[in-house]
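This report is written for a reader who is meeting the structure for the first time. Please keep the sequence and the model in view while reading.

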Amino acid sequence: MKKNKTSFFCQHCGYMSPKWLGKCPSCNGWNCFAEELISDTDSGSRTEMKFDGKPLPIEDISVEEGKRTITGIAEIDRVLGGGIVGGSAILIGGEPGIGKSTLMLQMMHNLAEQGLKVLYVSGEESASQIKMRSGRIGAASKDLLVLVEISLEKILEQIKAVSPAIVVIDSIQTVYSGELMSAPGSVGQVREASSRLILFSKKYGIPVFLVGHVTKDGSIAGPKVLEHMVDTVLYFEGGSAHAYRIIRSIKNRFGPTNEIGVFEMQDKGLKEVPNPSTFFLAERPQNVAGSVVVPSLEGTRPILVEIQALVSATNLGMPRRTAIGVDHNRVSLLVAVLDKICGLHLSGSDIFINVAGGVRVEEPAVDLGVVAAMASSFLDKPIDARTVVLGEVGLAGEVRAISQMDVRIREAARLGFNRCLVPRTNAASLEKVAKMEVCKIVSLKELLENLF
Ligand code: TYD
Ligand code: MG
């Protein structure tokens with residue numbers, strides 16, 4: 001077999017070197033060399049995909065409204081934007097042990113039950129380990145094929161031979177191509193293996209799921225290097241310490257992003273949580289200072305989350321500020337606004353913010369909730385248990401409008417909340433929501449007056 005030529009390329013500036021270097025002589029970056037194939041020969045499957053390089057008028061391009069395969073797990077289908085699109089490449093990232101393999105096996109089982117031939121390629125577990133897991137989640141079907149293999153060339157060969165409807169590669173970091181010298185899991189290998197699998201899947205119209213471990217120290221090439229290559233990126237959130245797992249779409253060429261699916265890890269695998277708001281609010285304490293509910297919007301779905309704050313006098317020269325589930329910088333900003341504009345002197349207090357249930361809420365719409373929770377804890381006055389608060393807060397203490405207010409408030413009303421504090425500019429869209437007292441506010445001062 002003819003050996004293909006490889007070289008090492010700086011991932012920052014493209015400098016080429018025949019051997020690995022720690023520091024790039026061109027851009028002075030450290031540890032940025034990855035091995036790549038130099039394809040002067042007709043090697044690999046890059047040339048397999050034929051592009052017909054002619055421009056076409058846009059109106060003549062036929063739309064192949066990609067046939068979607070419904071997995072039967074509603075939470076995954078929603079996150080994918082309504083099922084798996086033919087020929088798409090989907091990356092599933094997450095920390096080790098969070099449940100990626102379990103979810104993939106459950107999904108493959110469901111698809112096999114529909115009569116589709118599916119191929120699960122594992123490079124991490126032996127066939128008998130997979131069998132044991134499948135026994136646990138009740139996955140047994142003759143159409144669910146398992147291949148234990150790490151060689152890219154052999155995997156491609158088997159996919160061609162079997163021609164399955166869906167392929168899962170668990171995980172992409174274990175796959176290696178014999179054409180590169182570097183070890184499995186290195187940036188070069190991960191990228192080469194992914195690009196060949198993705199081209200292959202596009203050519204034959206077979207959707208492929210790539211499972212990738214996110215590592216904390218980044219010593220192994222993480223799924224980050226693949227994000228731009230795939231069509232859809234899903235990440236698992238919520239540490240393995242929590243019972244529930246959230247799968248979120250970070251990028252989706254065929255559907256909305258930031259859509260989330262919620263699962264609970266049980267002894268028989270992952271179980272869908274169809275109504276996450278009730279789930280996240282289940283253990284909410286009643287009439288306790290420092291807790292408030294905010295209808296946050298995740299993708300297209302409103303989800304009610306509880307924001308908790310604990311403000312206590314500090315014993316340290318420099319007070320502690322801890323934020324879990326919300327942006328740390330945003331919290332610092334809101335503390336400063338409360339201090340300066342509302343005269344709540346939080347500068348001598350430790351402040352801890354937590355979003356109950358391990359959810360992350362990134363949008364500014366939760367600002368007002370964070371402020372309300374901090375004020376409630378500081379003043380030691382509970383917020384009414386059936387009130388929701390939401391809006392963005394500006395540096396002058398003004399409360400600003402947010403998107404899709406009516407969807408959020410409808411969800412709150414559905415769950416029995418009867419009063420909402422919202423930005424005045426948003427209030428017009430809420431006239432038709434029944435059984436909801438709408439309290440319009442323009443500033444943080446008004447928020448505090450109306451809350452306590
Ligand atoms: P796994 O899918 O192996 O994680 P990953 O592939 O992301 O590394 O998940 C393993 C964890 O899930 C492990 O801690 C055991 C737990 N688990 C259950 O609690 N119930 C189950 O039915 C299964 C299969 C796993
Ligand atoms: Mg796994």
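This is a predicted model: local features need pLDDT of at least 70, side-chain atom pairs count only at pLDDT 80 or more; totals for chains, interfaces and linings use all residues.

Leu 56 has a relative accessible area of 57%. Because a residue counts as exposed when this value is over 50%, Leu 56 is classed as exposed.

## Domains of the chain

The domain assignment divides the protein chain into domain 1 (5-38), domain 2 (71-274) and domain 3 (279-451). Between the C-alpha centres of domain 1 and domain 2 there is a distance of 30 Å. The contact between these two domains involves six residues of domain 1 and eight residues of domain 2.

An open sheet is formed by three strands, arranged in the order 2-1-3 with antiparallel pairing. Strand 2 (16-17) and strand 3 are the edge strands; each has a single partner strand, so one side of each has no neighbour in the sheet.

Strand 1 (residues 6-10) runs antiparallel to strand 2 and is joined to strand 2 by two bridges. Across this pairing, Phe 8 is opposite Ser 17, and Phe 9 is opposite Met 16. The hairpin of strand 1 and strand 2 has five residues between the strands, and in this hairpin Gly 14 adopts a positive phi near 85 degrees. Strand 1 also runs antiparallel to strand 3, with five bridges joining the two. In that pairing, Thr 6 has Leu 37 of strand 3 as its bridge partner.

How many of the five residues of strand 1 are buried? Five of the five are buried, and the strand is mostly covered. In a regular strand, side chains alternate between the two faces of the sheet. In strand 1, Thr 6, Phe 8 and Cys 10 point one way, while Ser 7 and Phe 9 point the other way. The residues pointing in either direction are all buried.

## The hairpin of strands 13 and 14

A second hairpin to consider joins strand 13 to strand 14 through two residues. Strand 13 covers residues 260-266 and strand 14 covers residues 269-272; the two pair in the antiparallel sense over four bridges. Within this pairing, Glu 264 has Lys 271 in strand 14 as its bridge partner.

## Salt bridges

The whole structure contains 17 salt bridges. One of them lies within a single helix: the side chains of Arg 78 and Glu 75 meet at 2.9 Å, N to O. Both residues are in helix 1 (residues 74-79), where they are three residues apart, about one turn of the helix.

Asp 367 is counted as buried because its relative accessibility is 1%. Arg 330 is partly exposed, with a relative accessible area of 25%.

The side chains of Glu 437 and Arg 419 also meet in a salt bridge, with an N to O distance of 3.5 Å. Glu 437 is partly exposed at a relative accessible area of 45%. For Arg 419 the value is 17%, and this residue is therefore buried. Salt bridges that share partners also form a network, which joins Glu 75, Arg 78, Glu 259 and Arg 301.

Methods: Residues are numbered from 1 along each chain as its sequence is written. Chains are lettered from A and ligands numbered from 1 in the order in which they are written. Side-chain values use heavy atoms; hydrogens and water are left out. Buried means under 20% relative accessible area, exposed over 50%, partly exposed in between (1.4 Å probe, protein chains only). Two strands pair if DSSP finds at least two bridges between them. A salt bridge is a side-chain nitrogen of Lys or Arg within 4 Å of a carboxyl oxygen of Asp or Glu. Domain bounds come from an automatic or database domain assignment. Contact means heavy atoms within 4.5 Å.
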